[in-house]
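Trainee: I would like to learn how to read charged side chains in a model. Could you walk me through it?

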Amino acid sequence: MSLNEVKSKKIDGRLFAQEYLDKVLKPRCETFVDIYKKLPKLSTILVGESPASESYLKLKDKFFAKLCVESEVFRLPEETTEEELLAFIDKQNHDNQIDGILVQVPLPSHINEDTISESIAPSKDVEGLSPGNVHAWAKALPNLVPATALGVLALLKFYKIPIEGKHAVIVGRSMIVGKPVTHLLLKENATVTVCHSRSKPLEEYTKQADILIAAVGRPHLIKKGMIKDGAIVVDVGINFENGKMLGDVDYDDLSETASYISPVPGGSGPATVCMLVSNLLLAFELKHAKKSEEKLNCLRDYYANYDTIGETGFCIE
Ligand code: NDP
């Protein structure tokens, strides 16, 4: 490498997760568990089998074990019908012991993912995909926002990467990643371009990015020659090839061009788990808070604000 070449800095999701766990989630959780004498509980529902879901669950379990939260995983067989799954969710919507419900995607093809995410009670919707929650994040209101999108923003903020006025290019337009990331970055005053499978040639767009977010699900789609010097790259993709986990970005190819770049594994994944817990704690606190609008808004703002969230006393009477 010549002296003129930029050596990129790793966006280390594990480092972020450790700090966020120690400085934010743990103290916050311990403070309110002392008050409410109850642990927040997450229910994760898995239908059939998927390697991406299994790897996420493993990461989640390891992380949850360090926190004052309860987590139960319900594994349903591949042949579960949509009606059966809806009935299962309905029971959990009414179960007062459960504070958050997460249905792992992808679901088997005979089950409509939108129908399922819309069936989760908004107050327990830690994935932020039920209609009321989508409405809130589309309007830039703080509330339950999809965890992966929150994780992307949290990583950028953790590395103090300026967002305002930057051109962010997002590859992928799903409800779970691409769209909520778009809204979060717009809220931070970035100019946002969203690409998808018909954006051709893709490199024409990616080369314009100051900040590039890849959320596609195609191994090493983003490679040499597709970004400009000094770009910031966050790779959300989780793909498996011959048992190996790969991102959407060829890290080695880009690590001398990007100024910051996140690896897979060890980048967006751990940040997503942190934000899932953050959503669970928010759902739990909103449920237990005195129902004054002022208190509820205080909590929503508190969880949305990564610059001050390290202070644990906010919005607790
Ligand atoms: P989806 O399949 O729902 O969306 C993929 C998006 O990528 C679509 O908008 C699609 O376009 C677009 N796309 C597909 N092929 C191309 C291409 N060749 N060029 C440009 N755009 C393309 O996936 P998700 O959003 O659910 O997940 C994306 C990735 O992120 C996956 O690898 C998933 O495993 C991973 N993931 C990671 C998480 C984490 O914690 N790190 C959490 C959640 C997901 P179109 O709309 O036109 O079809």
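**Charged pairs**

Mentor: Glu19 forms a salt bridge with Lys23, and their closest N and O atoms are 3.2 Å apart. This is a predicted model, where local features need pLDDT of at least 70 and side-chain atom pairs count only at pLDDT 80 or more, while totals for chains, interfaces and linings use all residues. Residues are numbered from 1 along each chain as its sequence is written, and side-chain values use heavy atoms, with hydrogens and water left out.

Trainee: What is a salt bridge?

Mentor: Side chains of opposite charge can pair when their charged atoms come close. Here the term means a side-chain nitrogen of Lys or Arg within 4 Å of a carboxyl oxygen of Asp or Glu. By this rule the count comes to 7 salt bridges.

Trainee: Where do Glu19 and Lys23 lie?

Mentor: Both are in helix α1, 4 residues apart, about one turn of the helix. Helices are DSSP runs (H or I, at least four residues), numbered from the N terminus.

Trainee: Which parts of the chain does the pair Arg28 and Glu285 link?

Mentor: Arg28 forms a salt bridge with Glu285, with the closest N and O atoms 2.8 Å apart. The pair links distant parts of the chain, 257 residues apart: Arg28 is in helix α1 and Glu285 in helix α10 (residues 268-288).

Trainee: Is Arg28 buried or exposed?

Mentor: Buried means under 20% relative accessible area, exposed over 50%, and partly exposed in between (1.4 Å probe, protein chains only). Arg28 counts as buried because its relative accessibility is 1%. Glu285 is buried too, with a relative accessible area of 1%, whereas Glu19 is partly exposed at 31%.

Conventions:
Helix = DSSP H or I, 4+ residues; strand = E, 2+ residues; numbered from the N terminus.
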